[in-house]
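Dear colleague,

I am handing over the structure below, and after it you will find my notes on what I found.

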Amino acid sequence: MYVLVGRHPDDRDTKRMLGSVLYGLGSTLVGAGQPEESLAALTECAGVYEQLGELGEPDMQPLVADVRARKAQVLAELGRGVSAVIEADQAVMAYLDLGAGSSDSPLVLDLARVLSLNANVLYDYGDRDLAVCSADWAVRFYLSQAEAINRAPLAESFVHGRYLRGSAAIAARVHTQQGRLDIALAVGATELHSARAMARTNAPGDLAHLVTALVHHGLNLREAGRSDEGGELIREGRELDPLATAEATRAWASLTAQGAASAARPPSMSFAAALAAAARKLGDDRVPSVLRDLAFDPADGATTMVPSLRCEGQIAPAIATLLAGLAVDLLNDPDPYSAGEAGLLGREAHYLFAAASRAQVLSMRFQFHDFGATWARMLLALVPAFETGPAGSVIAADLAGWLAGVTLRLQPIALVDQVTARLVEECEALVERLLPPGPGHARTTSGFE
């Protein structure tokens, strides 16, 4: 393909074929256990499709969005959750900009699929409120298209069925965790129904998911006073796999413990909870109303499904600056849970800075000496805080890659400003330590390409 593209650089059909080959290669490499190579192929694929879009080739935006969603999956598998959230954010926003949120859009099922992937990434690496909002909307869109899915070829129906099952599982999990039992029961019934349909394959993964759905929904039914129904589902799960039933029971107990108030308070897993913790520990005056207004109730029909939808793009740098200040201050708080809350608020600040930079918001272009420096200082504080555990070290390296990009943009300012020059030196030292030059150490991410 490269030879053909080289011979015919202006042939759009050849470039389309190259993009298709790279996309297929990215999928194959993931299945072969080579996520780094898959990420490289998908990144190149996105570049080909973006170039075609710039040349005026039609229908490129959905293809680019699909590649970004797939990249988010691979990045999450690699543990690079910060970059995964940002790629998923861009994929969702691309489909929303194309009007896919309308029930009569031909892209509505594509949006549902991407929202399901986004919910998975956010559940592991972002705000649980955003995750459940994304999952809830994926379920709504899928249920609204039930007839079309049922009429589709069997293979296509199964693909959508698995995404529906996955988004319903996340929704049920978070609603259970946050104490919304009625909603958890409703969406849990959807998860169980789709899990039963998928389990007809008798594939081990599908059967394992069915056991989990049976147990979690059964325990929620018991919690709601419907003991007979709940007990029957749990017995069914035990007959299928006693060990998996025991594991699912422990997982449900962990979820409900996090939703309960206790002296041994768990770390905040949602933006709203982290803000409340910041107000409690740093003082109410440190959390202005403009930040409190960004929190939302996922049960109230919210449509904030990705970080960049938290606020208007023009005010995102100012909002991110306020969040960055809270994150840095929480890192100095003695409460052992404060580091986790700082990490959550700091990542949310990072997502807003990245979104504003990507959108070329005027203040990020003409006041980067202020906003960029704040961004860099926050990352300088956050990166060491993530280095303590094996999983955290990957996040630290991921953030360090973004810090390298921010630092690069600060370098011209450092030539005329000593304060910025000292900041750049600190940033470069940290990046050099975590990402020494050489293969496998990406210094920049999609926000700075």
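Asp 59 is exposed, with a relative accessible area of 56%, and its place is in the loop between H3 and H4. Its phi is near 60°, which is a positive value in a residue other than glycine. Please bear in mind, here and throughout, that this is a predicted model.

A second residue with this kind of backbone is Gln 360, whose phi is positive at about 55° although Gln 360 is not a glycine. Gln 360 lies in the loop between helix H17 (338-358) and helix H18 (362-366), and because its relative accessible area is 52%, above the 50% cut-off, it counts as exposed.

The buried residues of H3 include Leu 39, Leu 42, Cys 45, Ala 46, Tyr 49 and Leu 52. In an α-helix there are 3.6 residues a turn, so residues three or four places apart point the same way. What covers the buried residues of H3 includes helix H2 (12-31) and helix H4 (60-77). Just after H3, Gly 56 takes a positive phi of about 95°.

Two further helices may be of interest. Helix H6 (residues 108-125) has 18 residues and reaches 25 Å from first C-alpha to last, close to the 26 Å expected at 1.5 Å a residue, and H6 is mostly covered, with 15 of its 18 residues buried. Helix H19 (residues 368-385) likewise has 18 residues and a reach of 25 Å from its first C-alpha to its last, close to the expected 26 Å; among the buried residues of H19 are Phe 368, Phe 371, Trp 375, Met 378, Leu 379, Leu 382 and Val 383.

Ser 270 is found in the loop between helix H13 (242-259) and helix H14 (271-282), and with a relative accessible area of 8%, which is under the 20% cut-off, it is buried. The side chain of Ser 270 reaches the backbone nitrogen of Ala 273 at 3.1 Å. Not counting residues up to four places away in sequence, Ser 270 touches Asp 127, Arg 128, Asp 129, Gln 178 and Leu 344.

Thr 407, whose place is in helix H20 (residues 390-414), is also buried, with a relative accessible area of 3%. Leaving aside neighbours within four places in sequence, Thr 407 is in contact with Val 424, Cys 427 and Glu 428.

Asp 329, in helix H16 (residues 316-331), has a relative accessibility of 30% and therefore counts as partly exposed, since this value falls between the 20% and 50% cut-offs. Asp 329 touches Leu 282 and Arg 286, again not counting residues up to four places away in sequence. The C-alpha atoms of Asp 329 and Ala 342 are separated by 8.0 Å, the two residues being 13 apart along the chain.

As for the chain as a whole, the protein has 21 helices and zero strands. Its radius of gyration is 23 Å, close to the 22 Å that the globule rule gives for 449 residues, so the chain is as compact as a globular protein of that length. Along its principal axes the C-alpha trace spans about 75 × 65 × 40 Å, and 51% of the 449 residues count as buried. Among contacts between residues at least 6 apart in sequence, 66% join residues at least 24 apart. The accessible surface comes to about 20100 Å², of which 55% belongs to carbon and sulfur atoms.

Finally, a word on confidence: the chain averages a pLDDT of 91, and 92% of the residues score at least 70. Over residues 259-267, however, the pLDDT is below 50, and beyond near neighbours in sequence this stretch has 10 contacts in the model. I would ask you to keep that stretch in mind when you look at the loop between H13 and H14, where Ser 270 is found.

With best wishes

Technical notes:
Residues numbered from 1 in each chain as written. Predicted model: local features only at pLDDT ≥ 70, side-chain atom pairs only at ≥ 80, totals over all residues. Heavy atoms only, no water. Helix = DSSP H or I, 4+ residues; strand = E, 2+ residues; numbered from the N terminus. Buried < 20%, exposed > 50% of the residue type's maximum accessible area, 1.4 Å probe, protein only. Polar contact = N/O pair within 3.5 Å; in protein donor to acceptor, adjacent residues only side chain to side chain. Contact = heavy atoms within 4.5 Å. Expected span 1.5 Å × (residues − 1). Rg over C-alpha atoms; globule rule 2.2 N^0.38 Å. Areas by Shrake-Rupley, 256 points an atom, 1.4 Å probe, with all protein chains shown as cover. pLDDT = per-residue confidence, 0-100.
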